[in-house]
Amino acid sequence: MQRMNTENLDSKRAGGAGMIDALITPALLLDESKLDRNIQRLASHISALGAVLRPHMKTAKSIDVARRIYPGEPGPITVSTLAEAEYFADYGYKDITYAVGVSPAAAVRGLELSRRTGANVKFLLDTVEQADALGDAGRKTGVVPSAFIELDVDDHRGGLKPADPNLVIVAGRVKAAGVDLVGVLSHAGESYALSTKEALVAAAENERAETVKAANVLREHGHACPIVSLGSTPTAHFAENLDGVTEVRAGVYVFFDLVQHGVGVCTLDDLAISVLATVVGAKPEKGWILVDAGWMALSRDRGTSSQKVDQGYGVVCDEQGRVYEDVIVSQASQEHGILSIRSGSSKAMPILPIGSKVRILPNHACAMAGQHDFYSVVNGKSPTIQARWNRMRGW
């Protein structure tokens, strides 16, 4: 627990910690009232359906956000890097799913973490080669590994189909390698391409049915399969039935973003993070306003470009977070963003003199946050910075 003792990072509610307009820009803002609302919304929904929520920390990468999810004792989490696993384990998180296909080196590193901290790091695999590598790592470190078999429920990424004969073969190899097979894990990533309630509900049910089917196949072949894990932010919110599922994973739900808005999971008012930028120039003849936030601050993610409404590099708001209708970051270079009116709109550009501040909402919250070292925590339209919450980075 050294990190908690040595870091001066106890989220002190530093009233009078500063004002938004005094921040050096670009700066990453986090609205804590929206964060808390988003956390409670999904927690209540999953609890009502009888499953456990295992939040994915790849979005927030912050102990301070984790403490809003788990205000008491640390609970189960998902991570996408071993650096995240190490960071959260040092803060007392012991039930950790590393939801990326395991490599031999990652197996050793993850099990060394388990040996050092007592954390149960559960790995993900879908091949006999990975099973063998994980077993070898277990013998090398003296720790019994735990693993999920990854499932492919919608042709989105890796994993095995529930009907694939290799599912049982891999399960047998996991057991033979001395690895504890804890269950199956799926991710309905294709749900990000949907935009209607009917389609999202159907995707959530398909994810559930296929994942439970795979678990039952393994049980019929003598594997206990105690954990049935699934999840994506869209399907988590639109699930109506979680029979046979033990846990649901989601990550970006704590902040939401423009992609999730385009899918139909949230409103613009639910987006909890933004980048504060300063107006540094203008090209009136082109209808441009220039700000000091380019793709280094906003990320290059253009996830909305394939949706019905292309939001450029982000939607523009005033300093208090009120959306300027049809104003987007239409172009971005490394440290400059160009604000303009969305193509086809008849709206006029707002009057923004040099030095004016704007907030830019993210296409992809994980990617935007990943460009910054800390959150400046705010609350609604208040101009006061409530606290500074550090983020971890790296792999």
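Before counting partners, I noted the rule for pairing: two strands pair if DSSP finds at least two bridges between them. I also kept in mind that this is a predicted model.

Entry one, strand E11. I looked up E11, which covers residues 288-291. Three bridges join E11 to strand E14 (residues 337-341), and the two run antiparallel. In that pairing, I found Leu-290 opposite Ile-338 of E14.

Then I turned to strand E10, residues 273-283. E10 is joined to E11 by four bridges, again in an antiparallel arrangement. Here Leu-290 of E11 has Gly-281 opposite.

Which residues of E11 lie on its covered face? I noted Ile-289 and Val-291 there, while Trp-288 and Leu-290 make up the uncovered face.

Entry two, a pair of helices. I looked up H6 (residues 128-141) and H7 (residues 166-176), whose axes come within 9 Å and cross at roughly 10°. Angles under 35 degrees count as roughly parallel, so H6 is roughly parallel to H7.

Which residues meet where H6 contacts H7? From H6 I listed Val-128, Ala-131 and Asp-132; from H7, Ile-169, Val-170, Arg-173 and Val-174. Sorted by class, this contact has five nonpolar residues, two charged ones and no polar ones.

Conventions:
Residues are numbered from 1 along each chain as its sequence is written. This is a predicted model: local features need pLDDT of at least 70, side-chain atom pairs count only at pLDDT 80 or more; totals for chains, interfaces and linings use all residues. Side-chain values use heavy atoms; hydrogens and water are left out. Buried means under 20% relative accessible area, exposed over 50%, partly exposed in between (1.4 Å probe, protein chains only). Axes are lines fitted to C-alpha atoms, for helices over the stretch in contact, and angles run from 0 to 180 degrees between N-to-C directions. Angles under 35 degrees count as roughly parallel, over 145 as roughly antiparallel, 65 to 115 as roughly perpendicular and the rest as oblique. Contact means heavy atoms within 4.5 Å. Ala, Val, Leu, Ile, Met, Phe, Trp, Tyr, Cys and Pro count as nonpolar, Asp, Glu, Lys and Arg as charged, and the others, Gly among them, as polar.
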